[in-house]
Amino acid sequence: MRPLHIGLTGGIGSGKSTAAQTLVELGAALVDTDAIARRLTAPRGVALHAIAQAFGPELVSDQGGLDRDRMRALAFSDPSALRRLEAILHPLIGDTARAEAMGAAQAGAAAVVFDVPLLAESAHWRGRVDRVLVVDCEEATQISRVMARNGWAEETVLRVIAQQAPRPLRRSIADAVIFNDSLSRQALRDEVLSLWRHWRAA
Ligand code: ADP
């Protein structure tokens with residue numbers, strides 16, 4: 001039987017990765033599209049040749065991977081650069097995610113969770129999942145969490161938030177929303193667990 005495919009998304013700092021971790025502990029296989037993108041753009045990653053051709057060798061760091069700080073700066077100043085990077089990465093991410101999901105199904109996983117930050121922006125991804133779980137919180141909470149987690153300035157967090165789907169759009173594509181704002185970590189776990197039971201029973 002094909003495992004349930006759950007699409008998981010949320011704005012930066014919403015608690016999406018924390019919810020994903022709970023789903024893994026419950027027995028889901030995780031397909032983490034951010035992690036796939038990092039592997040594709042790490043030294044000797046499959047996407048590097050195309051990135052160097054599209055943006056020039058200066059976007060490749062001394063270690064041989066994508067220079068993320070430079071890329072972020074370029075994307076802030078030139079939105080078309082972000083679209084060009086996505087045009088290189090998205091097909092590769094899709095292929096890798098599909099292969100990982102097939103491997104998880106063959107290994108007997110009860111569910112596959114696709115952690116996709118841009119799920120709300122992508123009809124393609126939404127068509128590939130059976131249920132969409134959105135983790136949501138107030139923008140002020142996103143800012144304080146990401147400043148603490150990444151050591152970023154508030155302005156940097158705000159710029160990333162501005163590049164992501166607005167919260168109402170993200171919520172509008174959800175089958176379930178967990179509002180992870182004033183929840184304790186345990187309360188977040190409990191909400192994920194109850195949803196897991198509900199969806200697996202259905
Ligand atoms: P995302 O993957 O959405 O960017 P994370 O799951 O990494 O977000 O969460 C952002 C930060 O906030 C992390 O440091 C995480 O440990 C913390 N966090 C998330 N949810 C809670 C919560 N309910 N209580 C306390 N800290 C939380």
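Biologist: Let's start with the overall layout. Into which domains is the protein chain divided?

Modeller: Domain 1 takes in residues 1–27 + 110–202, and domain 2 covers 42–108. Keep in mind that we're looking at a predicted model.

Biologist: OK. What distance separates the centres of domain 1 and domain 2?

Modeller: Taken over C-alpha atoms, the centres are 22 Å apart. The contact between the domains involves twelve residues of domain 1 and 13 residues of domain 2.

Biologist: And what area is buried between domain 1 and domain 2?

Modeller: About 920 Å², with carbon and sulfur atoms giving 68% of that. Arg128, Arg159 and Gln163 stand out here: they supply 39% of the area that domain 1 buries against domain 2, more than any other three residues.

Biologist: Which elements give two or more residues to the side of domain 1 that touches domain 2?

Modeller: Strand 3 (111–115) and helix 8 (154–163). Helix 8 gives the most, with four residues. By residue type, that side of domain 1 divides into eight nonpolar, two polar and two charged.

Biologist: Switching topic: how many salt bridges does the structure hold?

Modeller: Ten. One of them joins the side chains of Glu100 and Arg39, at 2.7 Å from N to O. That pair links distant parts of the chain, with Glu100 in helix 5 (residues 79–106) and Arg39 in helix 2 (residues 33–41), 61 residues apart.

Biologist: Are those two buried, partly exposed or exposed?

Modeller: Glu100 counts as partly exposed, because its relative accessibility is 28%. Arg39 has 47% relative accessibility, so Arg39 also counts as partly exposed.

Biologist: Next one: where are Arg167 and Glu138?

Modeller: Their side chains meet in a salt bridge, 3.2 Å from N to O. Arg167 is in helix 9 (residues 167–172), while Glu138 is in the loop between strand 4 (131–136) and helix 7 (139–150), so to speak 29 residues away in a distant part of the chain. Glu138 is partly exposed, with a relative accessible area of 37%.

Biologist: Which residues do salt bridges that share partners join into one network?

Modeller: Asp136, Glu138, Arg167 and Arg171.

Biologist: Now backbone angles. What is the phi of Arg44?

Modeller: Arg44 has a positive phi of about 65°, although it is not a glycine. For background, most residues other than glycine have a negative phi.

Biologist: Where is the place of Arg44, then?

Modeller: In the loop between helix 2 and helix 3 (48–55). Arg44 counts as exposed because its relative accessibility is 81%.

Biologist: Let's look at Asn180. Is it buried or exposed?

Modeller: Buried, because its relative accessibility is 4%, and the cut-off for buried is under 20%. Asn180 lies in the loop between strand 5 (176–179) and helix 10 (185–201).

Biologist: What does Asn180 touch, not counting residues up to four places away in sequence?

Modeller: Ser14, Gly15, Val135, Asp136, Cys137, Arg145 and Leu188.

Biologist: Last one, Gln142. Where is it, and is it buried or exposed?

Modeller: Gln142 is in helix 7, and at 4% relative accessibility it counts as buried. Leaving aside neighbours within four places in sequence, Gln142 is in contact with Gly11, Ile12, Gly13, Cys137, Val157, Ile161 and Arg167.

How values were computed. Residues numbered from 1 in each chain as written. Predicted model: local features only at pLDDT ≥ 70, side-chain atom pairs only at ≥ 80, totals over all residues. Heavy atoms only, no water. Salt bridge = Lys/Arg side-chain N within 4 Å of Asp/Glu carboxyl O. Buried < 20%, exposed > 50% of the residue type's maximum accessible area, 1.4 Å probe, protein only. Domains from an automatic or database assignment. Contact = heavy atoms within 4.5 Å. Buried area = accessible area lost by both parts, 1.4 Å probe. Nonpolar A, V, L, I, M, F, W, Y, C, P; charged D, E, K, R; others polar.
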